[in-house]
Each structure stands twice: as C-alpha cells, then as structure tokens.
Amino acid sequence: MTSPPPTPNDEDCALAAAVVAPLEDFLEALRVEAGLARNTLLAYRRDLESFFRWGAARGLTGWDEVDADLVLDHLAALRAAGFREASVARRLSALRMAFRHQVLEGRLAREPTALLRAPRLSRTLPGVLDIEEVDLLLGAFGDAGWRAQRDTALLELLYASGARVSEAVGLTTARIEPSLRVVTLFGKGRKARVVPLGERSRAALERWLTEGRLTRPRAREVSPVFLTKSGRPLDRVTAWRRVRAAAERVGISGKLSPHSLRHSFASHLLDGGADLRAVQELLGHASVRTTEVYTHLDVETVRAVHRLYHPRG
C-alpha cells in the first residue's frame, strides 16, 4: 500500500496554496541538496499529499495548523486502513523530515512531530553489530603489510557503503572517484548507484591503493581494486573468509558474514535518524518495502545526509 483508502471526499479535497508552496520547496530541496532520485521524490510527494488531503477533509488549510494530535490521528487512520507498522513508520518519517525543513526555513516555529516516536517493530536481523563491535572488527587487521591493508580497506568499504560482497569484489579502480569521496557500485541487474564514503574508509582505501596494492603482481595492468597475493581479483569466498577471520581475531562470535556489515550499515544509519528512502537508495533496493526490514530501529530524527549520520563519517 502506498496511500490509505480515502475517506469520503478525501480525494476531492484540493490542496490549499498555503500547503502546496512549502511542499514544493521541500521537494526541490530534496532534489537539489540531497540529490534524491525521481522515484524517491515521487514517493515523498505521494505520502505528503495524502496526509494533507486527509487533513483537508477535516478542515486543515496550512502547515501551521498541524499538531501532534492530528499526526497521531493520521497514523491511527493508516493502521485502521490495514497499513503495516513499517509503512506507518515510513509515513511518519516523511512528515518529520518535511516539518523539520519548514522549521529550518523559518516558516514554522515548532516541529509538531518532534516528540512522536516511530513504531518499534519486532523484527530483528541476524548478524547486526553494534557500533563498538564494528570498531573492533574494522581494526582487526591494522595496516601493517599488504594483506592487512587490503583486508582493512575491504572491511571499511563494506561498512561505509553498505555494498554487497559481490559489489565490493567487483569494484574497479575506474569506479572510484579521484578524491575517494564516492564509489560507483553495480548491483543486481547491473544497476549502478553512487555511494559516498566516510573519512576512515577513504583513508583505508587510499592506503591500500597507493601502498599495498602496488606490491601485487600486475597491479598496474589490472583494474579490480582488491587483489590476491598472485595479483588475481579477490573472489567472494575469500572475502567472506577474511570477514570471518577478522571476527575471530577480535572475539566476535555468531554467524558473521560480509552481509552483516551491510545490515549494520543500514541499521546504524536509521538508528541515527537517516530517512528510510535515502537508505533504500544507498542499499540499491528496488523497493522501499525491502528496506523496511531495518525499521525495527527507533527513528528519532530524519535527514538524508550520509556524512552526518554514519558513525565513521
């Protein structure tokens, strides 16, 4: 479901000009400043227009008339219409982000969603690490020697970008932006996405590229970023084994895999307040419903800027 079944006359309620102009400004800010994709922007538009049409049927004419009780009533209407809690959380996320923008722009004195808590869902993900465990894992090998530099860069990349292991081992030097601030990953269906990197992941990747990698045979002739001792491209099985070796070295038990770092990447961003749809784009999910598995976390605030929320940004 993308919008609640309309109550009588909901779809006939035209949005007031006092609603439309700030809404368009918010969507434009997301497009220009956050760089969100067209489909993501359309999803925001649907959610917010649905809320304001629902409100208009109840006499709402402007953003400044919205209070916490009205938002809670809307969320209750979604539940009554059969929406799952993950979808309710996503709608609250869109409202929170939109109202925060209006406050920052000086149009509103308060944010009516500020004290509302997102639904806490019961689903959990296997292998999700807390931030302290991630710090231990990423420091397991250090940077002494070519293998340690490679493995540390691999671990940092997996966590900083949320890459699938196949995307990480398939990364080529041509797909790394010269300043190392972003990388281009090719996911399922060869669909490309650009993902930013934090300072520590950039430092680890630069160390590997300029030091350890150059010691491997044919390093200057081949394009894969991660190479083996013989200069061949690192494969998925070996990458999986290196993640397990890092976990064993620092005493992290359980079924850990490269995908655990992808799960942790998404969970930590959402836990810090990142928007669900922005995380969807970073993960390369075709549908936001796939990303909703991570919304068992309590989303307190919402922004779409990766560097502000990633623990190692």
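# A guided reading of the predicted model

Visitor: What makes up the protein chain in terms of helices and strands?

Guide: The protein chain has 13 helices and two strands. Both are DSSP runs numbered from the N terminus: helices are H or I with at least four residues, strands E with at least two. This is a predicted model, in which local features need pLDDT of at least 70 and side-chain atom pairs count only at pLDDT 80 or more, while totals for chains, interfaces and linings use all residues. Residues are numbered from 1 along each chain as its sequence is written, and side-chain values use heavy atoms, with hydrogens and water left out.

Visitor: Why is Phe51 called buried?

Guide: Buried means under 20% relative accessible area, exposed over 50%, and partly exposed in between (1.4 Å probe, protein chains only). Phe51 has 0% relative accessibility, so Phe51 counts as buried. Trp54, at 7% relative accessibility, therefore counts as buried too. In the protein chain, buried residues make up 52% of the 313 residues.

Visitor: What makes Phe51 and Trp54 an aromatic pair that is stacked?

Guide: A pair of aromatic rings is described by the distance of the centres and the angle of the planes. Rings of Phe, Tyr and Trp (its six-membered ring) pair if their centres lie within 6.5 Å; planes under 30 degrees apart count as stacked, over 60 as edge-to-face and the rest as tilted. The structure holds five aromatic pairs. For Phe51 and Trp54, the values are 6.3 Å centre to centre and 25 degrees between the planes, hence a stacked pair. Both residues lie in helix α2 (residues 38-56), three residues apart, about one turn of the helix.

Visitor: Why is the pair of Phe52 and Trp63 called tilted?

Guide: Phe52 and Trp63 are 4.7 Å apart, centre to centre, with 50 degrees between the planes, and the pair is tilted. Phe52 is in helix α2 and Trp63 in the loop between α2 and α3 (68-80), eleven residues apart. Both Phe52 and Trp63 are buried. Ring pairs link Phe51, Phe52, Trp54, Trp63 and Phe99 into a cluster.

Visitor: How do you know that the charged end of Arg216 sits over the ring of Trp146?

Guide: A charge sits over a ring if NZ of Lys or CZ of Arg is within 6 Å of the ring centre and within 35 degrees of the ring normal. The charged end of Arg216 is 4.0 Å from the centre of the Trp146 ring and sits over that ring.

Visitor: Which residues of helix α5 are buried?

Guide: In α5 (residues 131-138), they are Val134, Leu137 and Leu138.
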